[in-house]
Amino acid sequence: QPVSADQVTQAIGPDTLSQIASQLGIGHGEAAGGIAAVLPELVDKLTPHGQAPTGGLGSTDAIVGMLGRMLQK
C-alpha cells in the first residue's frame with residue numbers, strides 16, 4: 001500500500017533518513033518522497049509471493065543499494 005513521505009520519516013527516523021539521503025547525495029525531503037514512492041515496489045521485491053525469504057531480507061547496505069538504484073530510475 002502507498003505511504004507518505006511523513007510516514008517514511010516517522011518510521012525510520014530523521015537521523016536514518018538523513019544518512020540515506022547523504023549516501024545517495026540527495027536532500028532529506030527528496031529522500032523521504034523517493035522512498036515513499038518506491039517502498040511498495042521495494043517490499044514486493046524483498047518479499048517474493050508475500051513471504052520474507054528464509055535467509056532474511058539481506059544486509060542494510062544491500063537494501064540501501066537496491067533503494068538507491070530504484071530512486072535513480
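**Thr 47 and the model**

Apart from residues up to four places away in sequence, Thr 47 touches Ala 52 and Leu 57, where contact means heavy atoms within 4.5 Å. The model is a predicted one, in which local features need pLDDT of at least 70 and side-chain atom pairs count only at pLDDT 80 or more, while totals for chains, interfaces and linings use all residues. Residues are numbered from 1 along each chain as its sequence is written, and side-chain values use heavy atoms, with hydrogens and water left out.

**Setting of Thr 47**

- Thr 47 belongs to the loop between α3 and α4; helices (H or I, at least four residues) and strands (E, at least two) are DSSP runs, numbered from the N terminus.
- Thr 47 counts as buried because its relative accessibility is 18%; buried means under 20% relative accessible area, exposed over 50%, and partly exposed in between (1.4 Å probe, protein chains only).
- A distance of 7.8 Å separates the C-alpha atoms of Thr 47 and Leu 57, which are 10 residues apart along the chain.

**Helix α1 against helix α3**

- Two packed helices are described by the angle between their axes and the distance between the axes.
- Helix α1 (residues 5-12) and helix α3 (residues 28-46) have axes that come within 8 Å and cross at roughly 100°; axes are lines fitted to C-alpha atoms, for helices over the stretch in contact, and angles run from 0 to 180 degrees between N-to-C directions.
- The two helices α1 and α3 are therefore roughly perpendicular, given that angles under 35 degrees count as roughly parallel, over 145 as roughly antiparallel, 65 to 115 as roughly perpendicular and the rest as oblique.
- From α1, Ala 5, Val 8, Thr 9 and Ile 12 meet His 28, Ala 32, Gly 33, Ile 35 and Ala 36 of α3.
- The contact of α1 with α3 comprises six nonpolar, three polar and no charged residues; Ala, Val, Leu, Ile, Met, Phe, Trp, Tyr, Cys and Pro count as nonpolar, Asp, Glu, Lys and Arg as charged, and the others, Gly among them, as polar.

**Helix α2 against helix α3**

- The axes of α2 and α3 cross at roughly 95° and come within 9 Å.
- Pro 14, Leu 17, Ser 18, Ile 20 and Ala 21 of α2 form the contact with His 28, Ala 31, Ala 32 and Ile 35 of α3.
- By class, the α2 contact with α3 has seven nonpolar, two polar and no charged residues.

**Two residues of α2**

- Ala 21 is located in helix α2 and, at 3% relative accessibility, counts as buried.
- Leaving aside residues up to four places away in sequence, Ala 21 touches Ile 26, Gly 27, His 28 and Ala 31.
- Ser 22 also lies in helix α2, but counts as exposed at 58% relative accessibility.
- The C-alpha atoms of Ser 22 and Ile 35 are separated by 14 Å.

- The buried residues of α3 include Ala 31, Gly 34, Val 38 and Leu 46.
- Those buried residues pack against α1, α2 (14-24) and α4 (60-71).
- The largest nonpolar core has 14 residues, and those with the most contacts inside it are Leu 17, Ile 20, Ile 35, Leu 42 and Leu 67; such a core is a set of buried Ala, Val, Leu, Ile, Met, Phe, Trp, Tyr and Cys residues joined through side-chain atoms within 4.5 Å.
- Helices α2, α3 and α4 are the elements that give two or more residues to this core, and α3 gives the most, with seven residues.
- Leu 42 touches Ile 63, Met 66, Leu 67 and Met 70, not counting residues up to four places away in sequence.
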